[in-house]
Amino acid sequence: MVNQIRLYTESDHVEKAQHFEAVLSSRGVETEIVTVEQLNARFLRLHPELGLCVDVDGLWLCANGMKMQPDWQAETARLKRASLKSEMIARACNLAEKPFLIDATAGLGHDSLLMAHLGAQVTLVERHPILFTLLEDSHIRARQDTFLSQVVARIHLVFSDSADYLKSRVEQKNLVDVVYLDPMFPQRDQNQQAPKKQAQVKKQMQLLHLLLPEDGEMDLGDHLLELAQDIAKRVVVKRPRLAVFLAGKQPDHQWQGDACRFDAYFQHELVA
Ligand SMILES: C[S@@+](CC[C@H](N)C(=O)[O-])C[C@H]1O[C@@H](n2cnc3c(N)ncnc32)[C@H](O)[C@@H]1O
(Lines give C-alpha, C1' and ligand atoms only; values in the text may rest on other atoms or scores of the structure.)
Protein backbone atom coordinates (compact mmCIF):
# COMPACT_ATOMS: atom_id res chain seq x y z
CA MET A 1 0.00 0.00 0.00
CA VAL A 2 1.33 3.47 -0.93
CA ASN A 3 1.67 5.47 2.32
CA GLN A 4 4.02 8.26 1.22
CA ILE A 5 3.41 10.32 -1.89
CA ARG A 6 4.19 13.70 -3.45
CA LEU A 7 1.37 16.16 -3.93
CA TYR A 8 2.03 18.67 -6.70
CA THR A 9 0.20 21.96 -6.96
CA GLU A 10 0.51 25.53 -8.24
CA SER A 11 0.75 28.48 -5.82
CA ASP A 12 -2.96 29.35 -6.33
CA HIS A 13 -4.07 26.01 -4.88
CA VAL A 14 -1.68 25.54 -1.95
CA GLU A 15 -4.46 25.94 0.60
CA LYS A 16 -6.51 23.25 -1.09
CA ALA A 17 -3.41 21.03 -1.21
CA GLN A 18 -2.89 21.55 2.53
CA HIS A 19 -6.47 20.47 3.13
CA PHE A 20 -5.85 17.21 1.24
CA GLU A 21 -2.51 16.78 3.05
CA ALA A 22 -4.37 16.87 6.40
CA VAL A 23 -7.16 14.56 5.22
CA LEU A 24 -4.73 12.01 3.79
CA SER A 25 -2.56 12.15 6.91
CA SER A 26 -5.62 11.32 9.06
CA ARG A 27 -5.99 8.25 6.82
CA GLY A 28 -2.37 7.14 7.20
CA VAL A 29 -0.88 8.63 4.01
CA GLU A 30 1.93 11.16 4.39
CA THR A 31 2.26 13.66 1.55
CA GLU A 32 4.97 16.11 0.62
CA ILE A 33 3.51 19.24 -1.02
CA VAL A 34 5.61 20.42 -3.96
CA THR A 35 4.62 23.78 -5.47
CA VAL A 36 5.43 24.00 -9.16
CA GLU A 37 5.17 26.82 -11.66
CA GLN A 38 2.97 25.06 -14.20
CA LEU A 39 1.20 21.80 -13.47
CA ASN A 40 0.64 20.93 -17.12
CA ALA A 41 0.96 17.93 -19.44
CA ARG A 42 4.68 18.57 -19.95
CA PHE A 43 5.28 18.59 -16.19
CA LEU A 44 3.42 15.28 -15.82
CA ARG A 45 5.47 13.73 -18.66
CA LEU A 46 8.70 14.82 -16.95
CA HIS A 47 7.53 13.40 -13.60
CA PRO A 48 6.21 9.95 -14.48
CA GLU A 49 6.39 8.50 -10.96
CA LEU A 50 3.15 7.92 -9.04
CA GLY A 51 1.96 11.13 -7.36
CA LEU A 52 -1.03 13.31 -6.61
CA CYS A 53 -1.87 16.73 -7.92
CA VAL A 54 -4.30 19.42 -6.90
CA ASP A 55 -5.66 21.98 -9.35
CA VAL A 56 -8.83 23.93 -9.99
CA ASP A 57 -10.67 20.62 -10.56
CA GLY A 58 -9.62 19.10 -7.25
CA LEU A 59 -7.48 16.07 -6.46
CA TRP A 60 -5.96 13.80 -9.12
CA LEU A 61 -3.81 10.69 -9.17
CA CYS A 62 -0.99 11.02 -11.68
CA ALA A 63 1.64 8.72 -13.18
CA ASN A 64 3.25 7.95 -16.54
CA GLY A 65 2.36 11.39 -17.91
CA MET A 66 -1.37 10.91 -17.21
CA LYS A 67 -3.73 12.05 -14.50
CA MET A 68 -7.06 10.68 -13.43
CA GLN A 69 -9.82 11.19 -10.90
CA PRO A 70 -13.16 9.40 -10.56
CA ASP A 71 -14.66 11.63 -13.23
CA TRP A 72 -18.35 11.47 -12.38
CA GLN A 73 -19.07 14.54 -14.50
CA ALA A 74 -17.86 12.65 -17.58
CA GLU A 75 -20.37 9.86 -16.79
CA THR A 76 -23.34 12.20 -17.22
CA ALA A 77 -24.03 11.36 -20.87
CA ARG A 78 -23.88 7.63 -20.11
CA LEU A 79 -26.22 8.05 -17.16
CA LYS A 80 -28.72 9.96 -19.28
CA ARG A 81 -28.77 7.12 -21.85
CA ALA A 82 -29.11 4.37 -19.23
CA SER A 83 -32.40 2.72 -18.33
CA LEU A 84 -33.58 -0.14 -16.14
CA LYS A 85 -34.21 -2.12 -19.33
CA SER A 86 -30.93 -1.43 -21.11
CA GLU A 87 -28.54 -2.05 -18.22
CA MET A 88 -27.63 -5.61 -17.28
CA ILE A 89 -26.51 -4.40 -13.85
CA ALA A 90 -30.05 -3.08 -13.28
CA ARG A 91 -31.54 -6.51 -13.85
CA ALA A 92 -28.83 -8.26 -11.82
CA CYS A 93 -29.31 -5.93 -8.82
CA ASN A 94 -33.09 -5.65 -9.27
CA LEU A 95 -32.83 -1.86 -9.33
CA ALA A 96 -36.49 -1.52 -10.33
CA GLU A 97 -37.25 -2.22 -6.64
CA LYS A 98 -35.11 0.79 -5.57
CA PRO A 99 -33.03 -1.38 -3.21
CA PHE A 100 -30.83 -0.42 -0.30
CA LEU A 101 -27.49 -1.56 -1.65
CA ILE A 102 -23.92 -1.82 -0.33
CA ASP A 103 -21.21 -1.56 -2.99
CA ALA A 104 -18.41 -3.16 -0.96
CA THR A 105 -15.66 -2.54 -3.55
CA ALA A 106 -16.10 1.09 -4.58
CA GLY A 107 -13.06 1.73 -6.84
CA LEU A 108 -13.90 4.76 -8.97
CA GLY A 109 -17.56 4.51 -8.00
CA HIS A 110 -18.78 4.33 -11.60
CA ASP A 111 -21.01 1.29 -11.13
CA SER A 112 -22.52 2.85 -8.03
CA LEU A 113 -23.14 6.12 -9.76
CA LEU A 114 -25.16 4.24 -12.40
CA MET A 115 -27.02 2.20 -9.77
CA ALA A 116 -27.86 5.32 -7.75
CA HIS A 117 -29.05 7.02 -10.94
CA LEU A 118 -31.33 4.06 -11.61
CA GLY A 119 -32.86 4.30 -8.14
CA ALA A 120 -30.69 2.42 -5.65
CA GLN A 121 -29.81 3.89 -2.26
CA VAL A 122 -26.07 3.13 -2.18
CA THR A 123 -23.52 2.77 0.61
CA LEU A 124 -20.17 2.86 -1.12
CA VAL A 125 -17.27 1.25 0.79
CA GLU A 126 -13.60 1.70 -0.13
CA ARG A 127 -10.57 0.78 1.98
CA HIS A 128 -7.78 2.44 0.00
CA PRO A 129 -7.08 5.84 1.63
CA ILE A 130 -6.03 7.61 -1.58
CA LEU A 131 -8.87 6.17 -3.65
CA PHE A 132 -11.33 7.00 -0.89
CA THR A 133 -10.09 10.60 -0.77
CA LEU A 134 -10.43 10.86 -4.56
CA LEU A 135 -13.98 9.49 -4.30
CA GLU A 136 -14.88 11.89 -1.53
CA ASP A 137 -13.64 14.82 -3.62
CA SER A 138 -15.71 13.64 -6.63
CA HIS A 139 -18.75 13.29 -4.39
CA ILE A 140 -18.34 16.86 -3.12
CA ARG A 141 -17.94 18.26 -6.67
CA ALA A 142 -20.94 16.26 -7.92
CA ARG A 143 -23.10 17.83 -5.19
CA GLN A 144 -22.59 21.18 -6.93
CA ASP A 145 -23.82 19.87 -10.30
CA THR A 146 -27.53 20.27 -11.08
CA PHE A 147 -27.96 16.82 -12.62
CA LEU A 148 -25.47 14.82 -10.53
CA SER A 149 -26.51 16.32 -7.20
CA GLN A 150 -29.78 14.35 -7.35
CA VAL A 151 -27.88 11.15 -8.07
CA VAL A 152 -25.18 11.50 -5.42
CA ALA A 153 -27.79 12.39 -2.80
CA ARG A 154 -28.43 8.62 -2.88
CA ILE A 155 -24.73 7.74 -2.34
CA HIS A 156 -23.19 7.54 1.11
CA LEU A 157 -19.40 6.97 1.36
CA VAL A 158 -17.72 4.79 3.98
CA PHE A 159 -13.94 4.54 4.46
CA SER A 160 -13.40 1.00 5.72
CA ASP A 161 -12.32 -2.46 4.83
CA SER A 162 -15.58 -4.08 3.71
CA ALA A 163 -14.86 -7.22 5.69
CA ASP A 164 -14.98 -5.10 8.90
CA TYR A 165 -17.95 -3.09 7.69
CA LEU A 166 -19.98 -6.16 6.70
CA LYS A 167 -19.04 -7.95 9.97
CA SER A 168 -20.31 -5.01 12.03
CA ARG A 169 -23.58 -5.02 10.08
CA VAL A 170 -23.92 -8.77 10.61
CA GLU A 171 -23.44 -8.23 14.37
CA GLN A 172 -26.07 -5.49 14.40
CA LYS A 173 -28.38 -7.65 12.22
CA ASN A 174 -28.49 -4.60 9.95
CA LEU A 175 -29.77 -6.24 6.77
CA VAL A 176 -29.73 -4.77 3.28
CA ASP A 177 -31.39 -5.70 -0.03
CA VAL A 178 -28.26 -6.12 -2.16
CA VAL A 179 -24.50 -6.35 -1.68
CA TYR A 180 -22.57 -5.65 -4.88
CA LEU A 181 -18.99 -6.92 -5.22
CA ASP A 182 -16.48 -6.09 -7.96
CA PRO A 183 -13.13 -7.05 -6.43
CA MET A 184 -9.93 -6.56 -8.36
CA PHE A 185 -9.11 -9.32 -10.76
CA PRO A 186 -5.59 -10.17 -12.01
CA GLN A 187 -4.89 -8.65 -15.41
CA ARG A 188 -4.15 -12.03 -16.87
CA ASP A 189 -7.23 -14.11 -16.20
CA GLN A 190 -6.72 -17.06 -13.85
CA ASN A 191 -9.21 -19.08 -15.79
CA GLN A 192 -7.73 -21.46 -18.35
CA GLN A 193 -10.39 -20.52 -20.87
CA ALA A 194 -9.42 -16.87 -20.74
CA PRO A 195 -8.83 -15.28 -24.12
CA LYS A 196 -5.11 -14.76 -24.82
CA LYS A 197 -5.60 -11.17 -25.91
CA GLN A 198 -6.78 -8.83 -23.18
CA ALA A 199 -8.47 -5.61 -24.24
CA GLN A 200 -6.35 -2.56 -23.46
CA VAL A 201 -7.11 -1.46 -19.93
CA LYS A 202 -8.61 1.98 -19.88
CA LYS A 203 -6.37 4.84 -18.73
CA GLN A 204 -8.23 5.20 -15.46
CA MET A 205 -7.90 1.51 -14.70
CA GLN A 206 -4.17 1.60 -15.56
CA LEU A 207 -3.59 4.27 -12.94
CA LEU A 208 -5.88 2.54 -10.46
CA HIS A 209 -3.80 -0.62 -10.83
CA LEU A 210 -0.62 1.32 -9.91
CA LEU A 211 -2.13 2.06 -6.49
CA LEU A 212 -3.12 -1.49 -5.73
CA PRO A 213 -0.97 -4.57 -4.96
CA GLU A 214 0.73 -6.63 -7.67
CA ASP A 215 -1.31 -9.46 -9.19
CA GLY A 216 0.27 -12.16 -7.00
CA GLU A 217 -0.40 -10.25 -3.77
CA MET A 218 -3.85 -9.08 -4.74
CA ASP A 219 -6.71 -9.74 -2.32
CA LEU A 220 -9.30 -11.29 -4.59
CA GLY A 221 -12.15 -10.69 -2.15
CA ASP A 222 -13.27 -14.33 -1.80
CA HIS A 223 -13.92 -13.82 1.93
CA LEU A 224 -16.44 -11.03 1.23
CA LEU A 225 -19.00 -13.37 -0.36
CA GLU A 226 -19.97 -15.25 2.79
CA LEU A 227 -20.15 -12.06 4.87
CA ALA A 228 -22.31 -10.42 2.21
CA GLN A 229 -24.62 -13.43 2.14
CA ASP A 230 -25.15 -13.06 5.90
CA ILE A 231 -26.82 -9.67 5.48
CA ALA A 232 -28.22 -9.43 1.95
CA LYS A 233 -31.11 -11.14 0.21
CA ARG A 234 -29.15 -10.81 -3.02
CA VAL A 235 -25.39 -10.68 -3.59
CA VAL A 236 -24.23 -9.69 -7.05
CA VAL A 237 -20.63 -10.22 -8.17
CA LYS A 238 -19.20 -8.59 -11.29
CA ARG A 239 -16.61 -10.77 -13.00
CA PRO A 240 -14.65 -10.73 -16.24
CA ARG A 241 -16.66 -12.86 -18.69
CA LEU A 242 -14.63 -16.05 -18.34
CA ALA A 243 -13.33 -15.64 -14.79
CA VAL A 244 -13.62 -18.26 -12.08
CA PHE A 245 -16.48 -17.84 -9.57
CA LEU A 246 -15.83 -15.72 -6.49
CA ALA A 247 -14.79 -18.09 -3.65
CA GLY A 248 -15.30 -20.91 -6.18
CA LYS A 249 -19.02 -20.77 -5.43
CA GLN A 250 -21.54 -21.49 -8.17
CA PRO A 251 -24.09 -18.63 -8.42
CA ASP A 252 -27.87 -19.13 -8.50
CA HIS A 253 -28.18 -17.03 -11.64
CA GLN A 254 -25.91 -15.32 -14.19
CA TRP A 255 -26.25 -12.43 -16.62
CA GLN A 256 -23.66 -12.66 -19.41
CA GLY A 257 -22.33 -9.65 -21.29
CA ASP A 258 -19.58 -9.31 -23.90
CA ALA A 259 -16.83 -8.25 -21.50
CA CYS A 260 -18.20 -9.07 -18.09
CA ARG A 261 -20.89 -11.05 -16.36
CA PHE A 262 -22.90 -10.69 -13.16
CA ASP A 263 -23.20 -13.70 -10.83
CA ALA A 264 -26.10 -13.54 -8.38
CA TYR A 265 -26.56 -15.41 -5.09
CA PHE A 266 -29.99 -15.37 -3.43
CA GLN A 267 -30.83 -15.87 0.26
CA HIS A 268 -34.54 -16.49 0.35
CA GLU A 269 -34.68 -16.86 4.13
CA LEU A 270 -33.39 -13.31 4.80
CA VAL A 271 -36.01 -10.60 5.14
CA ALA A 272 -34.56 -7.08 5.13
C1 LIG B 1 -12.28 -3.30 -9.60
S2 LIG B 1 -12.34 -1.97 -8.45
C3 LIG B 1 -14.05 -1.63 -8.44
C4 LIG B 1 -14.48 -0.79 -9.60
C5 LIG B 1 -15.87 -0.22 -9.41
N6 LIG B 1 -16.89 -1.24 -9.54
C7 LIG B 1 -16.14 0.94 -10.34
O8 LIG B 1 -17.21 0.97 -10.98
O9 LIG B 1 -15.29 1.84 -10.43
C10 LIG B 1 -12.14 -2.77 -6.90
C11 LIG B 1 -12.01 -1.81 -5.71
O12 LIG B 1 -12.39 -2.50 -4.54
C13 LIG B 1 -11.57 -2.10 -3.48
N14 LIG B 1 -11.59 -3.20 -2.51
C15 LIG B 1 -11.19 -4.47 -2.69
N16 LIG B 1 -11.37 -5.19 -1.57
C17 LIG B 1 -11.91 -4.34 -0.66
C18 LIG B 1 -12.32 -4.49 0.70
N19 LIG B 1 -12.18 -5.65 1.35
N20 LIG B 1 -12.83 -3.42 1.33
C21 LIG B 1 -12.97 -2.22 0.69
N22 LIG B 1 -12.58 -2.01 -0.59
C23 LIG B 1 -12.06 -3.07 -1.25
C24 LIG B 1 -10.20 -1.89 -4.11
O25 LIG B 1 -9.41 -1.01 -3.30
C26 LIG B 1 -10.59 -1.28 -5.45
O27 LIG B 1 -10.65 0.12 -5.36
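A search of the whole structure, a predicted model, returned one cavity of 30 Å³ or more. A cavity here is a set of points, on a 1 Å grid over the protein atoms alone, where a 1.4 Å probe fits but cannot get out. The largest cavity has a volume of about 40 Å³, taken as the space filled by probe spheres set on the points, with grid points joined across faces, edges and corners. Its lining consists of P70, D71, W72, Q73, S138, R141 and A142; lining residues have an atom within 4 Å of a point. By class, three lining residues are nonpolar, two polar and two charged. Pro, Trp and Ala count as nonpolar, and Asp and Arg as charged.

Residues are numbered from 1 along each chain as its sequence is written. Local features need pLDDT of at least 70, side-chain atom pairs count only at pLDDT 80 or more, totals for chains, interfaces and linings use all residues, and side-chain values use heavy atoms, without hydrogens and water.

The domain assignment gives domain 1 (4-68) and domain 2 (73-186 + 217-266). Their C-alpha centres lie 28 Å apart. The contact (heavy atoms within 4.5 Å) takes 13 residues from domain 1 and ten from domain 2.

The two domains bury about 950 Å² between them, 73% of it from carbon and sulfur atoms. Buried area is the accessible area (1.4 Å probe) lost on putting the two parts together, summed over both. In domain 1, R27, L59 and M68 lose the most area to domain 2, together 53% of what that side buries.

One salt bridge was found across this interface, by the rule of a Lys or Arg side-chain nitrogen within 4 Å of a carboxyl oxygen of Asp or Glu. The side chains of R27 and E136 meet in a salt bridge at 2.9 Å, N to O.

Technical notes: On a 1 Å grid over the protein atoms alone, a cavity is a set of points where a 1.4 Å probe fits but cannot get out, and a pocket is an open set with protein on both sides within 12 Å along at least five of seven lines; lining residues have an atom within 4 Å of a point. Domain bounds come from an automatic or database domain assignment.
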